[in-house]
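Please look over the model shown below together with the points that follow.

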Amino acid sequence: MRAEEPEKPVGDVPIEWGSDAVAELLGRLDLRYLALVPGSSYRGLHDSLVNYNGNRDPRMLVCLHEEHAVAIAHGYAKVAGRPMAVALHSNVGLMHATMAIYNAWCDRVPMLIVGATGPVDAARRRPWIDWIHTSADQGALIRPYVKWDDQPGSVAAALDSLAQAYTITRAAPSAPVYVCLDVSLQEQRLPAPPAIPDVRRDRSPRSHGPDAEAVRVTLDLLGQARRPLFLFGRASRDEHDWDRRVALAERYGALVLSDLKNGAVFPTAHPLHPNPPGIFLPAASAALIGAADLILSLDWTDLPGTLSAAASHGHPAAGRIVSCTSDSALRNGWSKDSFGRDPVDLSIPADPDLLVRALLEPAEPVKPAEWPAAAAPAPPARETPEIPETRETADGIGMHDLAAALRDALAGSPACLVRLPLGWHGADLEAGHPLDFLGMDGGAGIGSGPGMAVGAALALEGTGRMPVAILGDGDLLMGGTALWTAAHYRLPLLVVVANNASFHNDVVHAERMASQRRRPARNTRIGQAISDPDPDLPAFARSLGFHAAGQVRDRSALPAALAAAVAAVRSGQCTLVDVRIRPDD
């Protein structure tokens with residue numbers, strides 16, 4: 001990454017201002033980056049990060065919108081499993097960032113958000129601007145979807161608050177935290193350097209495992225089960241935890257389900273993973289839920305909804321259900337992302353991967369499962385996943401065509417699919433490593449994809465794994481200026497736009513409503529199209545510093561276009577490929 005290096009201070013710079021003390025603490029925390037849009041409410045902190053901290057972490061990342069700054073930190077955390085810092089300018093910057101903060105909350109990722117406000121003391125406010133940039137309780141804007149927030153009243157309190165916030169955001173279940181700093185606090189001249197909290201002494205575990213009784217009961221239930229089914233949801237990206245999940249499924253012969261809302265948690269080509277993942281529950285997976293005599297849910301997103309969907313397919317769950325998640329610690333009355341009540345026989349409030357470790361400790365022989373052979377067929381060849389013939393032979397480029405051409409262009413080299421569009425077929429996802437796929441954004445808001453792609457590219461720098469984001473055209477147009485940050489800091493990144501020239505997800509809803517009400521289907525695209533004029537996405541990308549050729553419309557031209565794009569990214573470029581996708585795909 002090409003960093004903007006500040007002029008190196010001569011000698012040691014003393015802590016003279018309140019913001020110097022804050023910058024000193026941030027430099028001692030394990031924070032490598034701080035994403036921001038410059039703002040006057042933290043001009044003191046900005047100066048201290050440049051002229052007090054100098055070349056030390058956290059390094060600043062300039063963004064073009066506060067929502068992108070948070071999305072970058074979100075994408076970074078999904079890869080690195082650790083928080084980034086974000087600075088948001090007063091109430092106006094916080095209001096810009098709210099959707100991205102909600103995404104990060106729903107996705108349960110760590111993040112330290114440093115906010116700021118105009119002078120709380122009205123006597124210190126400049127005319128006009130300081131009044132409209134000051135709120136009585138700024139944290140109230142996001143309190144329902146952050147884990148903790150504070151607005152300290154002194155430098156000493158600010159240091160303690162930031163240290164506490166960092167500890168809180170890292171502890172499971174993770175979620176963003178917010179600390180708001182008064183501009184007067186930052187610009188206060190200090191009579192003497194304050195005591196900086198010793199943040200490096202804390203060796204507390206970031207997550208907690210199950211108690212012995214929960215492990216014993218789960219082992220008993222697994223020992224009795226003949227058709228166990230594991231639902232793998234949110235999980236760590238640690239390779240050892242990945243191997244343990246595979247080992248546990250193989251020990252008990254349990255079939256495994258995963259979905260596209262979360263990142264890769266289990267090898268999709270493994271014989272015990274019989275059905276491709278989806279955003280919603282596939283019918284074949286519903287049948288497994290109905291046939292299982294034990295369901296072990298490991299932080300599965302919306303377990304009650306999944307069981308309800310299985311019942312609606314005619315396969316209600318009849319077996320015992322064990323659910324392991326620490327998510328209840330974050331549930332509140334405002335956000336309904338806690339979903340419904342889990343109809344379980346055993347609830348284990350613990351880190352799911354620590355439960356997996358505990359379940360693997362006993363070495364006694366295990367009676368294998370008795371799933372019928374038809375329930376767990378050998379996986380189909382991934383080069384030719386089952387796609388309806390009408391789409392395979394239709395004119396234009398389908399999503400499966402895009403998947404196959406991208407797979408060929410990557411030629412087996414390590415890549416990370418940061419995002420996939422809603423129309424992506426689960427059969428086209430090949431996941432054999434926890435970084436092969438990062439999942440969705442948590443809150444299902446449009447516009448998060450570009451920023452998250454930049455954050456993932458930042459975290460993947462130096463790993464040899466290419467970040468690849470397949471984005472919808474609506475997602476790119478809403479959040480596309482985030483890509484400037486990748487180009488500015490020379491972060492190699494491949495963005496492929498699956499461009500159907502519409503907000504097509506809502507076309508599907510419109511078609512359903514028209515059908516139910518016996519109204520003309522021809523009207524369903526009104527108010528949905530992104531055309532007349534067609535946005536020139538390659539030109540837009542080039543204006544932000546990306547390499548981008550013209551739009552690809554011919555299926556025969558797609559392999560060469562993607563191969564050239566992959567080669568460009570491997571050479572260190574930021575590259576975008578705009579692919580016109582059939583609207584019905």
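1. Two strands are taken as paired if DSSP finds at least two bridges between them, and both helices (H or I, at least four residues) and strands (E, at least two) are DSSP runs numbered from the N terminus. On that basis strand β1, residues 33-36, pairs with β2 in the parallel sense over four bridges, and alanine 35 stands opposite leucine 61 in β2.

2. This is a predicted model, in which local features need pLDDT of at least 70 and side-chain atom pairs count only at pLDDT 80 or more, whereas totals for chains, interfaces and linings use all residues. Residues are numbered from 1 along each chain as its sequence is written, and side-chain values use heavy atoms, with hydrogens and water left out.

3. The open sheet has six strands in the order β2-β1-β3-β4-β6-β5, and its pairing is parallel. Because β2 (59-62) and β5 (148-150) stand at the edges with a single partner strand each, one side of each is left without a neighbour in the sheet.

4. Helix α15, residues 449-460, has 12 residues and reaches 16 Å from its first C-alpha to its last, close to the 16 Å expected at 1.5 Å a residue, where the expected span is 1.5 Å times one less than the number of residues. Since 12 of the 12 residues of α15 are buried, the helix is largely enclosed by the rest of the structure; buried here means under 20% relative accessible area, exposed means over 50%, and partly exposed lies in between (1.4 Å probe, protein chains only). Just after α15, glycine 462 takes a positive phi of about 85°.

5. Serine 285 lies in helix α10, residues 283-291, and is buried, with a relative accessible area of 4%. Not counting residues up to four places away in sequence, serine 285 touches Leu257 and Asn275, a contact being heavy atoms within 4.5 Å.

6. Arginine 126, by comparison, is found in the loop between β4 (111-117) and α5 (129-132) and is partly exposed, with a relative accessible area of 35%. Leaving aside neighbours within four places in sequence, arginine 126 is in contact with Ser40, Arg43 and Trp131.

7. For the whole protein, there are 20 helices and 16 strands, and 55% of the 585 residues count as buried. The C-alpha trace spans about 75 × 60 × 50 Å along its principal axes. Among contacts between residues at least 6 apart in sequence, 81% join residues at least 24 apart.
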